[in-house]
Amino acid sequence: MFGSFSLLFIAALVSLAFHRTIWLKPVALVATAGALFLTYSGSTIGLSGFENSGAVRLFTMILEIVLLALLLHEEEDQTMTQTLFVGAASIALLQAHTLLTFIIAFEAVSIISFVLVSHIKTAAQAEGAVKMFIAGAIATGILLLGTALYLIGGGKLGAPIALQTSSLSTAGLFVMLLGLFYKLTIVPMHGWAADTYALVRHSHAAILTGLAKTVVAVAMFRLFAPFLAEHLAMTVPMMVILSVITMTLGNFLALFQKRIARILAYSSIAHAGYMLLAFAAVKSGYASTGLLYMAIAYIFMQSAVFLLLDTLRKRYDIQTLEEIKGLAKHNRGLAFFFTAQLFSLAGIPLLAGFMGKAIVFYAGVDAGLWPVVLIALLNSALSVGYYAWIIKHLYFDEASTVHETFKEKSPLVAQGILLAGTLYFGIFASIVFAVGKSL
Amino acid sequence: MSPLFFIFGPILLAAIVALYGKKQHAFVKYAALALFGWMLIYSLDLLTILPETGYLDLGTYLAVERFDFALTLQVDHLSVVMLILTSLLLILVALSSWTMKWPSSYFALLILFAGPITGVFMSTDLLWFFIFWELTLVPMYFLVGIWGAEGRIYAAVKFFLYTHVASMLILLAFFLIYKETGTMDMTLVRESMLASPVLIWWLLFIGFAVKMPIFPFHTWLPDAHVQAPAPISVLLAGVLLKMGAYAMIRMVVLMMPEHSAQFAWVILTLGLITLFYAGFMALYETHLKKMVAYSSISHMGLVTVAIATLSYSGLSAALYEMIGHALIISPLFLIAGFLHHKTGSWQMGDMGGLMQKAPYLSALFVLAGLAALGLPGTMGFVGELTILIAAIKSYGFWLIVIALGSMIGAGYIIWTFRRVIYGEISETVKKSDFRMDRVEFAALIAFAVLIVLFGLFPSALFDVINSAFSSLAPQGGL
């Protein structure tokens with residue numbers, strides 16, 4: 001009964017007592033490490049409606065490792081508490097096995113994200129937060145509409161999604177998917193994402209895009225995949241079209257951005273498109289492994305780049321490509337971390353991002369969708385354009401201002417953890433394949 | 001010695017050098033030399049233990065269940081020849097880079113390049129092959145982008161994007177092959193590939209044609225070649241393009257023979273166009289290094305024609321020409337880069353009369369140039385002659401047109417001599433100081449010796465090369 005979920009939840013409540021003391025960070029870190037250990041030894045939530053599996057266990061452990069990195073990086077007390085809350089809610093969402101528990105856990109993650117971005121200090125942050133809140137409210141509305149249709153059609157809340165449903169229920173489930181796509185930033189439900197990711201504090205964006213989005217994608221796949229595989233005639237065209245539009249638009253818009261955060265925000269939208277390809281290829285035996293791999297890779301690299309942006313903005317007030325020029329001259333460490341994670345996002349091998357994409361794309365080929373995979377591959381090549389462009393600014397250009405070398409320990413340790421994950425899963429694939437099917 | 005050492009070892013060594021080599025310039029250079037030397041010894045050693053035909057198994061690592069994905073390392077004569085060529089060139093490139101600025105980062109990247117390139121020639125798992133193939137781009141991107149000439153950034157980004165797009169086609173082809181055959185091992189897929197879709201052949205052909213490069217997929221190369229620092233141009237021409245040709249032979253011709261026979265006319269036509277188009281471009285160029293770059297592409301057109309014969313003698317000739325081209329074009333690039341470094345100009349019009357100022361350097365340039373146009377007694381002659389014979393044997397007498405390509409070659413090379421080496425001494429040359437670092441000069445000498453040595457005694461090389469394709473025709477070699 002007492003597992004990683006309860007531990008993180010209690011730690012989040014207890015952490016309130018440690019605000020404005022030096023003990024907050026150690027307590028949060030110890031709690032997360034404890035949760036990691038509990039997950040490793042196989043703890044589950046143990047309530048009805050939740051179910052664990054090998055894949056969920058692996059992903060939960062990775063989530064907790066990323067939480068450690070996020071906490072190490074963080075300096076604000078409130079954010080640390082909310083990081084713990086997000087972690088607990090994410091574990092619940094990952095293990096959710098019925099529609100009811102899924103919706104509750106999903107809303108919990110959403111509400112904590114709203115609280116997270118509501119630490120508003122500037123007008124820009126307010127804009128980002130409000131956009132996210134309105135989009136989130138619409139998403140919830142659509143999700144509930146879908147649920148209502150599903151229930152009217154004879155579906156049950158307290159059970160996994162039925163494979164054979166009445167046409168009304170089927171329609172309801174697809175409406176629900178549309179609601180969830182707001183969180184996944186699938187075009188045309190993406191409008192809020194680029195602004196929010198770029199405008200709110202970058203360490204918050206790291207949680208929103210790196211953590212929450214990935215968890216939602218994995219949980220969604222877990223709950224909906226059996227149903228989607230039964231309705232291929234509907235699933236394949238819908239997912240293929242949305243996936244292609246999302247990745248293409250995301251990549252093209254990223255090409256034209258000047259602010260680094262916006263480039264990475266659009267790249268995050270493009271990645272949602274790649275993830276959706278796994279949904280389209282749901283009939284392939286590799287789809288679940290592919291999605292899991294993609295999620296693992298993505299949570300490491302996306303959290304890492306936004307945490308780096310946070311450091312750059314806080315310490316050097318760097319926001320645009322113009323300002324980041326020549327960073328590698330005086331900050332070899334930061335530039336190296338940034339470059340490695342960008343290469344991973346671009347899909348350069350021996351980094352997790354490549355393996356994630358490769359397996360999702362293979363699932364696509366396996367499901368007979370090779371023309372879509374070709375589009376995805378060309379998109380991925382296009383994306384190298386803007387990633388390589390950032391790297392070009394880091395290394396090839398002369399610096400306009402000289403920044404002193406960044407020497408703070410804990411953000412660098414956090415980056416080290418995230419890079420270790422990106423490297424490990426870039427080379428050693430068998431651990432994911434061993435559990436991938438059980439998602 | 002585990003072959004993994006030569007694949008992942010350089011990546012670790014590069015990290016160490018990058019982190020701790022900032023002040024230890026001599027150590028960094030010797031570490032690189034030692035590694036490349038060891039690679040050369042290791043690959044020569046492999047040559048002695050290779051079986052007559054077929055592969056030598058070097059082990060399987062990092063196997064993944066449920067997905068036929070494992071780092072399977074196997075080598076045959078073809079791959080070992082490529083490994084020897086690569087490690088030899090890496091040594092000479094390291095020597096020619098002796099006075100490069102920011103040596104620790106430069107040599108770290110050079111070392112980093114050695115790992116994946118070894119992996120490309122050793123791995124027979126398609127996905128791992130792809131991983132190494134792609135990974136070679138990363139050090140190249142930085143080497144061109146940081147140490148290159150004025151237009152380096154444009155060239156580096158273009159090179160990276162262009163070849164990356166091509167790689168995507170290759171990856172799709174590999175996925176389709178895996179779906180067709182259920183295996184990723186390129187030594188096993190051949191049998192089950194006979195009835196595979198034509199699409200796979202086209203994806204692979206275009207993907208590798210970009211790397212070789214074959215017209216009309218060549219446009220990234222002149223930029224990259226011209227902007228790269230001279231030793232990196234050597235690496236591009238001598239290793240990266242050869243990687244494309246190696247993959248073309250191994251995966252297009254040998255792995256999909258039926259399809260290749262069906263589309264041999266495509267390879268032949270594009271090869272001939274490349275040969276002549278690049279030749280005419282070289283004739284037209286007044287930019288010294290661009291002239292060398294186009295001459296390099298023109299020679300790769302010749303290799304493509306040889307590959308198009310799909311015959312035992314043709315492929316052997318192609319492999320010989322690949323080695324010859326690597327050794328001949330390298331000193332031309334190095335000298336062109338050196339002249340630019342000293343005179344500050346790329347234009348042949350600004351030079352002239354170099355012989356009076358730097359006779360030894362000029363002599364080396366003339367030797368390499370004559371080898372490029374196919375002077376008997378050098379590797380260029382043997383390569384062109386064997387290709388000509390093989391092509392005529394396969395396609396008939398009209399392929400004597402290849403000789404016209406050589407004539408164009410003679411045209412631009414001799415005209416270049418007239419403009420750069422001989423003629424009246426120009427103001428720029430008069431002002432410049434052409435003293436060269438001793439180590440860098442030694443590398444040039446080594447190239448010259450090899451060109452002549454294998455030109456006079458081609459049989460030494462052909463003995464090894466012929467074994468690479470012995471499975472194709474047991475009746476004997478050239």
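I count two residues as in contact if their C-beta atoms, placed from the backbone, lie within 7 Å. The model I am reading is predicted.

**Entry 1: the interface, from chain B**

I looked up where chain B meets chain A. I found 26 residues of chain B in contact with 28 residues of chain A. On the chain B side, I noted four elements that each supply at least two residues: β1 (56-64), α5 (126-135), α6 (137-147) and α7 (152-181). I see the largest share coming from α7(B), with 12 residues. I then sorted this side of chain B by class and got 20 nonpolar, two polar and four charged residues.

**Entry 2: α5 of chain B**

I went back to α5(B), one of the elements on that side. Is this helix mostly covered or mostly open? I find it mostly covered, with 10 of its 10 residues buried. I listed the buried residues as Leu126(B), Leu127(B), Trp128(B), Phe129(B), Phe130(B), Ile131(B), Phe132(B), Trp133(B), Glu134(B) and Leu135(B). For the cover over them, I noted that it includes β2 (69-75), α4 (103-122), α6 and α7 of chain B.

**Entry 3: chain A as a whole**

I turned to chain A and found 19 helices and zero strands. I read the span of its C-alpha trace along the principal axes as about 65 × 50 × 45 Å. Among contacts in chain A with a separation of 6 or more, I see 80% made by residues 24 or more positions apart.

**Entry 4: α10 against α11 in chain A**

I picked one helix pair in chain A, α10 (residues 232-255) and α11 (residues 260-280). I read an angle of about 160° between them, with the axes 7 Å apart. Angles over 145 degrees count as roughly antiparallel, and α10(A) and α11(A) are therefore roughly antiparallel to each other. I noted the crossing of α10(A) past α11(A) as left-handed. On the α10(A) side, I found contact residues including Val236(A), Met239(A), Val240(A), Ser243(A), Met247(A), Gly250(A) and Ala254(A). On the α11(A) side, I found, among them, Ile263(A), Tyr266(A), Ala270(A), Gly273(A), Leu277(A) and Ala280(A). What classes of residue make up this contact? I get 17 nonpolar, six polar and no charged residues.

Key. Residues are numbered from 1 along each chain as its sequence is written. Chains are lettered from A and ligands numbered from 1 in the order in which they are written. This is a predicted model: local features need pLDDT of at least 70, side-chain atom pairs count only at pLDDT 80 or more; totals for chains, interfaces and linings use all residues. Axes are lines fitted to C-alpha atoms, for helices over the stretch in contact, and angles run from 0 to 180 degrees between N-to-C directions. Angles under 35 degrees count as roughly parallel, over 145 as roughly antiparallel, 65 to 115 as roughly perpendicular and the rest as oblique. A crossing is left-handed if the near helix is turned anticlockwise from the far one by less than a right angle, and right-handed if clockwise. Ala, Val, Leu, Ile, Met, Phe, Trp, Tyr, Cys and Pro count as nonpolar, Asp, Glu, Lys and Arg as charged, and the others, Gly among them, as polar. A residue is buried if 20 or more other C-beta atoms lie within 10 Å of its own, exposed if 12 or fewer, and partly exposed in between; C-beta atoms are placed from the backbone.
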